[in-house]
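Reader: I would like to know what stands behind the labels given to a model of this kind. Please set each label against its definition.

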Amino acid sequence: MITGGAAMMLMGFVMFFVFSVVLSLSPEQLAIAQEQNISVLSYLANVHESPLISILGPVVAFAAITSSYFGHFLGAHEGLVGLGKSRSKAPIGKIEKASLVFIVVTTWIVAIINPSILGMIETMGAPMIAAILFLMPIYAMKKVPAMAKYKTSAPVQIFTAICGVAAITSVIYGAF
């Protein structure tokens, strides 16, 4: 219940922020902010010359980035440690240190390169979402006994798989 409540509060906060930003800016202004690779709050502070936004914008952005980093950090760290435990006979302390070093070095490199966040989300997130939406249900219907009752006809599964592969390859093709 606690995790569900926290997730709902976070989603509500994020969606309120997203809708308020989308409704306050035109598509052209969003494109300019994306082109400049700055946050929407920074763009609003620059355009409206509002002292309140100029002060609170970086605070909100810092809090959002920090909470997002720690959320992803903890998930990645737990995943790497769990993977290390299952595949290695090394002591847990060494696995945790290796995980921390890997995450910090990777984060540092990405911070130095400073790629476009929206481009990274599109390039890395879209194929994963397409795989989850198109390919995993087909696989689950074949391999998970509880999902067998949702199994559809072969042409429908083939069509769904083709759509998933097309979505994934189009994003990969667009990246290059």
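Reader: How confident is the prediction, and where is confidence lowest and highest?

Author: The average pLDDT (the predictor's confidence in each residue, from 0 to 100) is 83 for the protein, and 98% of the residues score at least 70. Confidence is lowest in helix α4 (residues 51-87), with a mean of 79, and highest in helix α2 (residues 27-36), at 88. Helices here are DSSP runs of H or I with at least four residues, numbered from the N terminus.

Reader: Why is the pair of Y69 and F70 called edge-to-face?

Author: The structure holds two aromatic pairs. For Y69 and F70 the ring centres are 5.6 Å apart and the planes stand at 70°, so the pair is edge-to-face. Rings of Phe, Tyr and Trp (its six-membered ring) pair if their centres lie within 6.5 Å; planes under 30 degrees apart count as stacked, over 60 as edge-to-face and the rest as tilted.

Reader: What makes the pair of Y69 and F73 stacked?

Author: The planes of Y69 and F73 are 20° apart, with 5.9 Å from centre to centre; the limit for stacked is under 30 degrees. Both residues lie in helix α4, four residues apart, about one turn of the helix. Ring pairs link Y69, F70 and F73 into a cluster.

Reader: Is H77 buried or exposed, and what does H77 contact?

Author: H77, in helix α4, has a relative accessible area of 11% and is therefore buried. Leaving aside neighbours within four places in sequence, H77 is in contact (heavy atoms within 4.5 Å) with E96, S99, L100 and I103.

Reader: How do you know that Q157 is buried?

Author: Its relative accessible area is 8%, so Q157 is buried. Q157 is found in helix α7 (residues 154-175) and touches I138, M141, K142, K151 and T152, not counting residues up to four places away in sequence.

Reader: Within helix α2, what are the labels of A33 and E35?

Author: A33 has a relative accessible area of 3% and so counts as buried, whereas E35 reaches 71% and so counts as exposed. A33 is in contact with I38 and Y43, its neighbours within four places in sequence left aside. The C-alpha atoms of E35 and S116 are separated by 9.0 Å, although the two are 81 residues apart along the chain.

Reader: Which residues of α3 are buried, and what covers them?

Author: In helix α3 (residues 40-48), V40, L41, Y43, L44 and A45 are buried. Their cover includes α1 (2-24), α2 and α4. Just after α3, E49 takes a positive phi of about 50°.

Reader: What is noted about N114?

Author: N114 has a positive phi of about 50° although it is not a glycine. N114 lies in the loop between α5 and α6 and, at 53% relative accessibility, counts as exposed.

Reader: What makes the largest space a pocket, and what lines it?

Author: On a 1 Å grid over the protein atoms alone, a pocket is an open set of points where a 1.4 Å probe fits, with protein on both sides within 12 Å along at least five of seven lines; lining residues have an atom within 4 Å of a point. The largest pocket holds about 2,200 Å³ and is lined by 39 residues, of which A64, I65, S68, I117 and I121 lie nearest its centre. The largest share of the lining, 12 residues, comes from α4.

Terms used
Residues numbered from 1 in each chain as written. Predicted model: local features only at pLDDT ≥ 70, side-chain atom pairs only at ≥ 80, totals over all residues. Heavy atoms only, no water. Helix = DSSP H or I, 4+ residues; strand = E, 2+ residues; numbered from the N terminus. Buried < 20%, exposed > 50% of the residue type's maximum accessible area, 1.4 Å probe, protein only. Points joined across faces, edges and corners; volume = space filled by probe spheres on them.
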